[in-house]
Each structure stands twice: as structure tokens, then as C-alpha cells.
Amino acid sequence: MIEKLLYVTLAAVGIYYLVDLAVLSRVKKRAVYRAKLLNLLMLLSVLAGFAFAIKEMTLYLFLQIVLLNIVEMCVLVLATTGIVLIFKTSVTTNFAQGTVATVGAFAAAKLIIYLTANTAMPMSTKLILALVFSAVVTFLIGLFIDTVIFRNSRYSNPVGKQMITMGIVLVLFGLMPVLFGLLPLTIEAFSYFPYEIQLPNFPYPLILPAQNLIALLITVGMLVFLFAALRFTKWGLGVRATASNETVAGMMGVNTKLITALSWGIAGAFGGVAAFLFAPVGSSVTVSFMTPVQVNAFLASILGGFSSFGGPLVGAVLINLFSSIASFLNSVWTNVIVYVLVLLLVLVKPLGLFGKKTAKKV
Amino acid sequence: MAKMIDGLLQGFRLHRLNRLRDQKSFLENYLPILVKAIRDREERRIKLARDRDGAALRGPALAAGVLTPALETERSTALANIEERYRWRAKALAQSKKRALSKSSEDMVVATFAVRTEQLEHQKQVDLESVGRRYAASQGDLAAAREAFRIQAEEVHAATDARLAAAKAKADKIIAAKTAAYETKTDELGRKIEKVRNLLIANKSDETNALIPEDSLLSVRNLSMRFGGLMAVDNLSFDVKKGEIFGLIGPNGAGKTTIFNCITRFYRPTSGEMLYRKNAVEVIRLNDYPVHDIIRQGIVRTFQNVELVWELTILDNLLVAAHTVYRTGFFGQLFHTPKLRREEEVMRAKAFGVLGTLGLLPYAYAIPYGLPYGILKKIELARTLMAHPKLIILDEPAAGLNDKETEELAVLIKKIRDDYHATIFLVEHDMGLVMDVCDTICAISFGKKLAIGTPAEIQSDKLVRSAYLGEES
Amino acid sequence: MTTLRLSFDRIRKQLAIIAKHPYFGFVVFGAILVVLRLLALGGIIPNSLMKSLVITMIYAIVALGFSLLLGYAGLASLGTAGFVGLGTYFIGHFSGTLGYPFLATILISLLGAIVLGAIVGFISLRIEGMYLAIITLGLSEIMREIFKSFTAFTNGVNGLGFRDFTLFELEVSEAAVDFIVIFVFILLIIGTLNIIKSPTGRALLAMKNSDSAAQSMGIGLMKYRLLAFTLATIYAVIGGLLYMMDQQFSIPTTWSLDFSLNILAAVVVGGAQSITGIILGTFTIFGLNMTVLKEIAFFREYPDATWIVSGMLIILITMFYPGGLIRLLLAIKFWLIKIWKKLKRKWSVYRYGEDD
């Protein structure tokens, strides 16, 4: 009883912040930062509070669901990172992110089949090779898109670029059955071993599949690598300058062509790794198996706001948590609940949770 | 309670007054268009009838050997055509001679071409003669035939004339009837307008009216606008009088455009209010109106950087600006009802009038893309004149113009004030223009008022001089 | 003799005046379609070709509504598929499953379209640009989930059939549906033409160019954004109704992102601001697949490979002719005229020598 009361209070606090946020963020700068920090807490508490209160979901179940959904979370985070990186450098939403990634997964699956037929490597080596192959293929496709298509386009505006990425989606959709055959392929998981974690006060141990741990490690490693590169390398500085204003950056001597090309490549590689990790979860590699990830990644980007690098990642984590909780509440309407929630949040904060408003000049 | 009902009644009357005025101006503007359409149709009919007569009389005239004016032109055209044709043939011949000369021996060619030239000449003569024959009199009793033709022609012409006269009389009657009907309607509307106006004035509440002086159109009271920590406009007050040209000057970043944006409601001022005399009986608080309703109160603005619809012609751009004047609803537009078509004609005539005033007629059907900047600025100015403006707000009208264009602009601004009975409120950097056209100038710096007065007063003001020239006072 | 010539002349002049009327081309187009349909009835042209023509027309209706949104109001939306799907389920459920009279179904559908359009319009007041495109994509996904899961209304993933369609208690044959589609298509073209040539169309364009300038000219953003979205939704729902009448089957997988992207592609490839362009674009993207490419052996082996053609078209057109195919055609026309003039001049110089 007391526990339930606690959760309801948590929910109320969350709602208070939700209402407060819009007001606070307009008044003082310090308040904005405080509100930003509390954003995450608020959202979680609203959801967790409601979920706990309505369905008697225990902390154990919640943690278990989160642990089991780690792969999906990692995939979403990687895909979102790619989209944001491209948005930052080319000011366009890349609709082809998921499809390019699918090509990577297909290539990896084909490589595994080839290696199994021709060599006697252990499975893990084959998988690592395939992962690298997937990333390389998607990196090259990304490079190709920017250098061959975008740089040669006679008129380039954001909407035009968006349209071109849609065209790429269609071309790849048509090309994949021709290149990789009409049958769905599979990629095996690195490991099927489940770790058991016994925490005090919990009735049963929490189960963490080793595959999830590996996926988490790969994702965190790539993110650390990316953020370090953004922060400390010349390329990162270039990306940040290009994101701020491409023309000015170009005039200041930043090689924006190289920067955007590399960004497209890296975004592609992130997608390739994401697709590789998603394949064992999504059971088989088909032409459109990344589409739900793509849609969710877009929603995550606008939930976090395109204006910062970190925001969309938080958005991706949040969306994953939302769907974990929603799937517990109602497994049929999970996606609807998540989408409606994101929609409402974006209506409250049109530029995303971490978006910055730029004044309109008349 | 009584006061509230009174207010409601006044509002209703105002609405009715506006509607009546719109109807009246529509009738007044549509009548000339209608008359012109009827007259055009009549003219077309006359031309058609004459053509038909000519065609009917052609055969008999040829037979009788009479060269009617129509036949005369026909003949001369035919002759000219032959001349032209043979000129080209001669040129072609000369050219082929030149080509032939480069290939074969000279004598041979010269001889051949002499013959061919002669042949050509001969053919031309034959053709000319045949034309001459066609239009010359034929054999037989010419005098009788001519007499018969004369009588026939007279008959035909008389018949046509009679028909045309009848048609003209009918058209005149229609025009007279339409004019009379429109005039009665207009008179009736005029009477109604007078009545409503009198009622309005009789019931006008002195409370709101006394808010600003009788002769001022716009009064800005204690306006402040804060962006974060920056005070863009700081407790500013000034009055714009009816019918004057009011200039707002100040160094860069003084908050001039911010004031405009507050008046046209793009910004919500931190504090202060803008009062505006909408008409003889009503003073309104602009703070209470949304952005897109400002133009309905008679306040029209231009923008610093030209904001035209790039896909539309200049004429259509002007029609966009007349958006609030249209009365046809969405379904009327969906089905293109005659009402909409009539309205469009009236608007188009008005737009042509405005374009004529500003000397933009040659550009009416051009796309603004690629036109010179001076023209684009003028188009923006023209746009403000489409929606019954009372107060025209110009944001740096001379920015980007050369000296000659600026001089033209000064003349134009004065002309607009006089022709359209509008008050003009402008922000400008070009001191020459401001001192030239403005009746009153308000100088501001960092959102604070420095001085207000006539151009001469401003020029001699110490504060202004120090703000502009950095002089120590 | 002369009077005959004259009257012939008059008829020619009258015809010239009629031909200049903006509706003329489209009415002729409709007449040609009717004739084609009659020929198909007589078995002169294959029925399958007619089938693809009709479905392409339905897509063109949806594209027309979308062009009002994208080409005129400048609002990007990826929610088209959801709205078209909704139209199919409206008629399938109310007229098919429940057996309501057809007029009642139309009323319900229009009401639904207006409400939905108004909701998206309100959203568009707060969220703009690419954010709006993604949010509408989310909305479309929500609707697809509803199509999948709300089995009482949509019969879920198995798809909803719709047979024995009656209109005013008359059995409507397949051929009659085709005529209805042609009629509605031409009617909607004329309606669109009227809208874009009226103050509303100009207001939408003004809004696309600059929000603030439009507002200062008395164009309320709320009214016109709502109007644009409502119109687009109504067109989409009408497209859905016709789709169900024609195909007699609707399944949630049809109404995915691909469909919206294809409509977008049709509008962009054709030319977003010209009705002729949109018809051209739809026939290129959808019609080409269904009529021409189907006959090639490679595409018969890999049916999905037809996407490559549409994708390449989109990419090439956006890269080199952002105005769409209609601009390309105009450019080709001007180019041909130029070449013709040049040839004429050359011939004249050859024949008559240089001008004096």
C-alpha cells in the first residue's frame, strides 16, 4: 500500500515537472539547466509510477525487462547517432539510414555463409569478421552517397537532399533481392549464454544474456570513440564547425567536403553495426527488417531535439524504456502507446527535450 | 449591463458599416468594368458584321468591277505578296549562282543564270498581270452591273446599319439600366452608411475616444521590450498624427524594427500599449489583436528584406495583398462562382491602377525572380496599397537603393500620402530621405527616446548629434 | 461558298477560345480515358492495362491532395498512407461489414477526414519543417498499428474484403467503378485547379514563401494550415474509398511508409506545383511499373526491382531538375524550338545568302 502511494507521488512529481518545464525554461538560464537535468528523472518517474501503480509491476520485473531489451536499445542508439551525425553536417534527415544498414547486414550474412562453406574458422571469428565487413560495406555506401550523389547534385537544399535519400531507399529496396537473393538470411548471436545476477532482496536472480552484454560493450565503445573524436580530433572540430554553419566553416578553411563525406561514412558504419546486432533479435535479415528501427530512430531524434548530439541518444534510450514499460502494460498496443507519448511530449516541447529555441527575425 | 449591450451594438454597427462600405466600393468599382465589357462586346459585334458584309459583297463587287476599299486592300496585299515572293526567289537565284560559280566555268554559269533570271522576271510579270485581271472589270454591261451592285451594297449596308443601331440601342439601354440600378443601389447603400455612421457617432463613447488626441492616429505608450537581459525598447512613448509622414531614426540596433514588430504584433511587448484610431468613432488597443488581424484595422507594413511570393506574377502578388478584401468564401472559390470572378476583375482593375501609379505596369505579368532590387522594393510598396491602408509602415524603404532611386522613392512616398490619404510611418538610415520627406521625426538610441520634432529641430538637437556623431556635449 | 468559309472560321475561332480554357485539356483527358475504358469493354485493349490505369488514377487523386500540401502550403507530411488506409477501412467497414447506405459512408468518411486533418493541422502550428514530417510519419505508424490491432473495425492483419458494392440499391459492376473513378478524378482536378487559381491558392503560396509576410497580409496561419491539411486528408480519404471500390481488398501492410514515400516521389518527380506534372509523375512512378516494366523478363524474375527505376528517377530528377518532369519537358520543348529556329536560319542562309 505504502509502496503504491510512493509511486503515485512519483507520478505526480513528474507531471508537475512536465507542466513546470515550459514555464521554467523561458525565465532563467539556470532554471533551464536544472529543468534539463530533471527532464529524464521526470519522464521516468511518470512512466514508472504509472506502470507500477496500475499493473503492480515490481522493480524486479522492470529491471529484467530493461536487461532483456538492451540489444534493441543499443541498436536504436546506434541508428539515432548516425541520423544525428548526418543531420548535423548535411542538414537533412537521412531516410536511407535503415536501408543502408540492411545492405550491411545482408553482406555480413552472405560473408558468414561463404566462410562456413570455404573455411573452418570458429563461429566467433566469423562473426567478428562479418561485423567488420558489415561496417566497412555501409561505410563505403555512405561515402558513395555523399561524394557521388550529393556533391554532384546541381541544386542542393535540405528538402531536395531528403528526397534523394528517399530515392536511395527505393533503389536499395529494388537492388537487394537482385544482389542477395529473395530468401531471408540469418546472422547468429555471438553467444546464447545467460548470466544470472542475484541482487539482495530480490526473489529470483536477474537474467542478462551474454549477447546483450557484448552488444552493450560494442555500442558504448563506439559511442566513446565517436564522442572522443568529436571532442578531441580535428575532424570533430570540423564537424562542429560545419554543423554551426557550413558556408562559414568552408571559408575558414575547414574541408567541409571531406568532413561531410566522412560523416556519411561513419553514420553508415554505425547503421551497419546496428543492423548486425539487430539481426539475431529480429530473427532474420529481410529487406525491410530495419524499418521499425528507422522510424523509432527518427522519433528519438525529434524527442531529444536535433540541436545537440547527446539529446537524441537520451531520446533513443527513453523510447526504448517507454516501449519496455508499455509492452508490460499492453502487448498489443505497445507501439501506439509509445508513439502517442512521444507525440504528446513533442507537442509540449516542439524542439525536443533538449532543443534550443532560435529567435525568428522578421 | 446597459454598457455591455451598448458596446455590442456599437460593434455590430461597425461590422455592418464595414460590410456596407465594402459592398458600395465593389459596386462603384465593378460598374466601369461591366460597361467596358458591354462596349467591347458591341465593338466585336460591329467588326464581325462589317466583315460578314464585306464577304457577302465581295463576289458581286468583283463581277461588277468595282474596287471597294476592301477589295483595294486585298489587291494591294496580293501584289505585295507577289513582289515579296519574287524578291526571295531572286535572292535564292543569286545564291545558287554564287554556289555554281565556285564549281563550274564562268561563262556557262553566267549564260544559264541570265536565262533563269529572265524566266523569273517573266513569271513575275505573268503573276502580276493575273492579279490585275482578277480585280479588273469583266466584260458586259458594266454600267448596269455597277448600278445593280450599288443598289445591292446600299441595301446590305442599310440592313447591317439598322441591325447594329438596334444592337447599340439595346446595349445603351442595358448600360443605362445597369448604371441606374447600380446608382440606386449605391445611393441606397450610401444612405444606409450615413445612417449607421450617424448612429455610431451619436452613440460613441467618449471614454475610449478620449484615450488619444483627436488628431493622432497611433499612440505608443510606455512601450518596453526585453529580450532576455537586453532592453531593446525602453519605456518609449510617441504619437503619430493623422496624415503625416513620421520618421523613426536611430543608430544600428537602436530597436527601430523591434518597435515595428511590436506594433504589427509579431512581438509581444513586455509592457506598454499601442492605441490606434481605427475610425472616427473607435480607438482600439492593438495589443488585443493577433498578427493577421492587424491589416484589417488598416495597418499595412513592408519588410526590410523583400518578402514576395516568388512563384507568382507581380499582379498576383498584389492580389495576395488584397486577401482581406475578398468576400467570397471557400466554397465560392472551389466552384469559381460568378461572384468570385466579378471580385477578381475588380481587384485586378485596382491592382492595375496601383501599378500604374507606381510606374510598374510593364512588370505586371513578370515573375519577381531576377528583377532589380529597386523594382522589388517598389512592388512591396505597391502591395501595401491594395487593402485600404490607413497607416503604412515602411521598414527601411531605401535600403539597397541608389541615389536616383531614393529620390524617386521620396516623391513616391509623398504621392502615396496625398493620393491614398494614408499616414506613413517609416524607419530609415538614409538621412537625406528622412529629412526630405518626414513631417515629424523621432530619434531613438538603445531603445530610449532622444528627441522628437520637425527635421530642423532634430538636426539641431544636441543629444541626437552626440548619438550620431559622437560629439561631446 | 464564302458564308460557309466564314462560318467555319467562326467555329474555329470559338474552338480556339474554348481550347484556351484551363479546364479544356483535363476534360479532353477525361474523355480519352472514358474512350479507353469503352475500348477495354469491347476487348480492343487488354483489361489489365485498364486496371493499372484506374489504380494509377486513384494514386493521382491522393497525389493531387498531397501537392496542395507540399507544393502550395509548403508543409511536408509523411502521413498520406495512414489517411488513404483509413478511407479504405471506412468504406469497407461501414458499407461492407455494417451495410450502411453509400451516402452515409461518404458523410462519415468526410467528417473523419476533416477531424483528422484539423488535428494534424493543429500539430503543424506547433511543429514545423522536418520535425513535422517525422511526426506525421509517427501518426501514420500509429494508424497502421490501429489497422493491425483493431480487428473489429479492420479485420486485422488478414485484411478486409469488400464485395457486392451497391449504390442506390443498384449492383455496381467493375466497369461502372472505373467510370466513377474517372469522373471523380476529373472533378477533383478541376476543383484543385479552381483552388490554386483563387485567393486561397495564392494565400497558401504566400504562406509557403514567408510566414511573417503572409500574416502581415491578413492570412491567418491557423486557418490556412488547417485548410491545407484538411484538403489533403479529404483527397487521401476519397482515394481510399475509390481504392476499396476498385481493389475490393485492403490490408495493413499496404499502408506503410513505402506508400507515402511513393506518393511523395510522384509529386516531386512530376513537379509539385503543376497538375499536369503531378499526373505525369504518378503515371511515371506507378504506371510505368504496372504497364511497361512488368513485360521485361528481368523485372518479372525480381518484381521488387522495379523500385530501382523509380528510385533512380527520383534521385536524378532531384539532382538535376528540381522542378520535376514538367520542367524537364518544358526545357526540352524550348530546346527543340531553339534548334528548329537555328536550323531554319541555317537553311535560309544556304538558300538565300546572308541578310543584307
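Student: Which residues is T318(C) in contact with, leaving aside its neighbours within four places in sequence?

Tutor: Two residues are in contact if their C-beta atoms, placed from the backbone, lie within 7 Å. By that rule T318(C) is in contact with S153(A), G160(A), M163(A), I164(A) and G167(A), together with V268(C). Please keep in mind that this is a predicted model, in which local features need pLDDT of at least 70 and side-chain atom pairs count only at pLDDT 80 or more, while totals for chains, interfaces and linings use all residues. Residues are numbered from 1 along each chain as its sequence is written, and chains are lettered from A and ligands numbered from 1 in the order in which they are written.

Student: Where is T318(C) found?

Tutor: Helices (H or I, at least four residues) and strands (E, at least two) are DSSP runs, numbered from the N terminus. T318(C) belongs to helix α15 of chain C, residues 306–320.

Student: Why does T318(C) count as buried?

Tutor: A residue is buried if 20 or more other C-beta atoms lie within 10 Å of its own, exposed if 12 or fewer, and partly exposed in between, with C-beta atoms placed from the backbone. T318(C) counts as buried because it has 28 C-beta neighbours inside 10 Å.

Student: How do I check the span of a helix?

Tutor: The expected span is 1.5 Å times one less than the number of residues. Helix α12 of chain A (residues 291–304) has 14 residues and should span 20 Å; its end C-alpha atoms are 20 Å apart, which agrees. Helix α4 of chain C (residues 80–97) has 18 residues and reaches 24 Å from its first C-alpha to its last, close to the expected 26 Å.

Student: How many residues of α12(A) are buried?

Tutor: The count is 12 of the 14, so α12(A) is largely enclosed by the rest of the structure. Among them are V293(A), F298(A) and L303(A). The buried residues pack against α4, α5, α11, α13 and α14 of chain A together with α6 of chain C. For α4(C), 17 of the 18 residues are buried, so that helix is also largely enclosed by the rest of the structure.

Student: Which residue other than glycine has a positive phi near 65°?

Tutor: That is N155(C). Look for N155(C) in the loop between α7 and β1 of chain C; this residue is buried, with 20 other C-beta atoms within 10 Å. In chain B, R265(B) has a positive phi of about 70° although it is not a glycine. R265(B) is found in the loop between α6 and β4 of chain B, and it is buried, with 21 other C-beta atoms within 10 Å.

Student: How do I read strand pairing?

Tutor: Two strands pair if DSSP finds at least two bridges between them. In chain B, 5 bridges join β1 (residues 216–227) to β4 (residues 271–277), and these strands run antiparallel. There, E273(B) in β4(B) is the bridge partner of R221(B). Another 3 bridges join β4(B) to β5 (residues 283–285), again antiparallel, with L275(B) opposite R285(B). β4(B) and β5(B) form a hairpin with 5 residues between them.

Student: In what order do the 6 strands of the open sheet in chain B come?

Tutor: The order is β6-β7-β8-β3-β9-β10, with mixed pairing. The edge strands are β6 and β10, each of which pairs on one side only. From one strand to the next the twist averages 15°. Axes are lines fitted to C-alpha atoms, for helices over the stretch in contact, and angles run from 0 to 180 degrees between N-to-C directions. Helix α6 of chain B (residues 256–263) packs on the sheet, and its direction makes about 145° with that of β7(B). Within the sheet, β3(B) and β8(B) run parallel and are joined by 4 bridges; G247(B) has L426(B) as its bridge partner in β8(B).
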